[in-house]
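Work through the exercises below with the structure in view. Try each task before reading its solution.

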Amino acid sequence: MKRLLCFLALTVAAILAGCGKPDFSDAQKKTIASLALNTLPSLKPDTTNRFADLPAAAALGSTLFFDLGMSRDGKVSCSTCHKIDRQFQDDLPQAVGVGRTNRRTMPLAGVARDPWFFWDGRRDSLWSQALTPLENPLEQAGNRTAYAHYIKARFGERYERIFGPLPDFSGIPPNASPLGTDAEKAAWNAMSAAQQDGINRVFANIGKAIAAFERSIEPTQTRFDRFALDLATGAEPKDDAAFSREEILGLKLFIGKANCVTCHNGPRFTDNGFHNTGVPPVPDLPLDRGRVDAVAQVQADPFNCFGAYRDGDVGACGELRFMVKDAPELVRAYKTPSLRGVAGRPPYMHAGQFSSLDEVVAHYARAAPSVEGTSEIHPLQLSDRERSALVAFLKTLSE
Amino acid sequence: MASIWRYLLAGLGLAALLVGVLAVVYLTAPQSAQPVGPDVSRAKSTDNGLFLASFEPERGVVRQGELESWLLTLKTKAGGPVEGAAIAISGGMPQHNHGLPTSPQATDYLGEGRYRIEGVKFTMSGWWQFHFAISATAGSDTVLFNVVL
């Protein structure tokens, strides 16, 4: 009798254990495999920056990235907001440089793969992106000729070994920029076209060096990737690659009913697009309309792909050439961020609107209408258990 | 004492029966019906029958997340090439309330009624639509192609 009971108990236990084993359809397996890091292609060359894969340029870029001298007050560098030990972001709802900005700092893993930069895509290359905070009065707050003078004085030899001779600095004002204060603008306008071009070239090369460094910042393997690899090869997931039932439910929701994977697709969990998802504005901040206002900015940028400072062929400018310039869905549309490492970097959204992943999931389930334009998302019935499961899955995208 | 064991055994037997019934119901349940998808033919007559149009990826394969070139081939009903056509392109994802993520354009005429459409980009899987407004000496017509990824 006792033996029979033991046998029955073991049978029941085996059946229950079997329930916890992930069973995915072929379509689900295909989607899961498409999200795994091993499907990330190798980084393409950036022909618009001929120094992009030059180690000396990356080394100088790394120096500049961490150099507090690259700011008006000598207290701010790229790394002030893009903190190396914090996924190259700063944990703040809005970045604080020389002043407080109106947007959340973006993490940098895999940034060189983006077609557009900033939350609204107002720059079209990594190197032109790197130039923008340098002159933003709320970020590094410097000006173009001051940066050129600084490079000559501090890194002149290193610069010339990589980029060739610096321009003639005689008669170049210490502070001048087309974007600066009235005095700086006046000083810039008093310069000859050749002088302006010489300084712009030094400035562009600063961006190209920083971009060369940033290309080395890539996403790393996570628990999810180990799980996905085992699922694809049919191996039994071991140690931390085994998912709990809650994590499996979350993954199924992510690629199924919750529709997250529609936009958060591919090995970086982003479609590199812009979407209005009804994220509310932050009350005290200036009006922010997202992508719709960025179109004119990227077109006007002298450092864009069509500009004089691009290396290589104009054929590399497809994203700018075929950019959507005027469509109702650009209003309050923001870039789909990568979700890799997401659990380790609250707060969320373009201005840090939500302090936890639970709040983010609640937002997408509720799908409140946008204050302006039309939200692309639809309300979703999610139980408390399903919401927790989604968050549990998102946590597997960190180490 | 023996009777308790008997009850337990009976209970387990019933539980097993229940599991069995549920398994049969679950395993024989019809799969959720797949909705009939849109017409994804790559060649068709234009809306007013003026032209025969085909729309295909230039390199034969569709890749998500990259700018691609497609070819729009336009023939008259008699089978002759349609040359010098002005082509306007729009589209989007009908289920997602948004248009195309790029603005594809006809950038080149390759002869034999073939037009290169550059700047096509699929940012997600799902049902995409491409709408062409074609204007040529033979007249103007429109055609819609569905692409499902």
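**Exercise 1. Find how far apart the centres of the two domains of chain A lie.**

Solution. The C-alpha centres of domain 1 and domain 2 of chain A are 33 Å apart. Now place the domains. Domain 1 of chain A covers 21-40 + 221-287 + 331-395, and domain 2 covers 55-214. These bounds come from an automatic or database domain assignment. Next, take the contact between them: domain 1 of chain A gives 18 residues and domain 2 of chain A gives 20. Two residues are in contact if their C-beta atoms, placed from the backbone, lie within 7 Å. Last, sort the domain 1 side by class: eight nonpolar, six polar and four charged residues. Ala, Val, Leu, Ile, Met, Phe, Trp, Tyr, Cys and Pro count as nonpolar, Asp, Glu, Lys and Arg as charged, and the others, Gly among them, as polar.

A note before going on. This is a predicted model: local features need pLDDT of at least 70, side-chain atom pairs count only at pLDDT 80 or more, and totals for chains, interfaces and linings use all residues. Residues are numbered from 1 along each chain as its sequence is written, while chains are lettered from A and ligands numbered from 1 in the order in which they are written.

**Exercise 2. Decide where pLDDT stays under 50 in chain A.**

Solution. pLDDT is the predictor's confidence in each residue, from 0 to 100. Then look at residues 16-20 of chain A, where pLDDT stays under 50. For this stretch the model has one contact beyond four places in sequence. Where pLDDT is low, the predicted coordinates should not be read in detail.

**Exercise 3. Say whether Arg103(A) is buried or exposed.**

Solution. First, locate Arg103(A): the loop between α4 (78-81) and α5 (126-135) of chain A. Helices are DSSP runs (H or I, at least four residues), numbered from the N terminus. Next, count: Arg103(A) has 20 C-beta neighbours inside 10 Å, so it is buried. The cut-offs are 20 or more other C-beta atoms within 10 Å for buried, 12 or fewer for exposed, and partly exposed in between, with C-beta atoms placed from the backbone. Finally, list partners beyond four places in sequence: Gln94(A), Ala95(A), Trp119(A), His350(A) and Ala351(A).

**Exercise 4. Explain why helix α10 of chain A is largely enclosed.**

Solution. Helix α10 of chain A spans residues 245-255. Eight of its eleven residues are buried, so the rest of the structure largely encloses it. Among them are Leu251(A) and Phe254(A). The cover includes α2 (26-35) and α14 (384-395) of chain A.

Note on methods:
Helix = DSSP H or I, 4+ residues; strand = E, 2+ residues; numbered from the N terminus.
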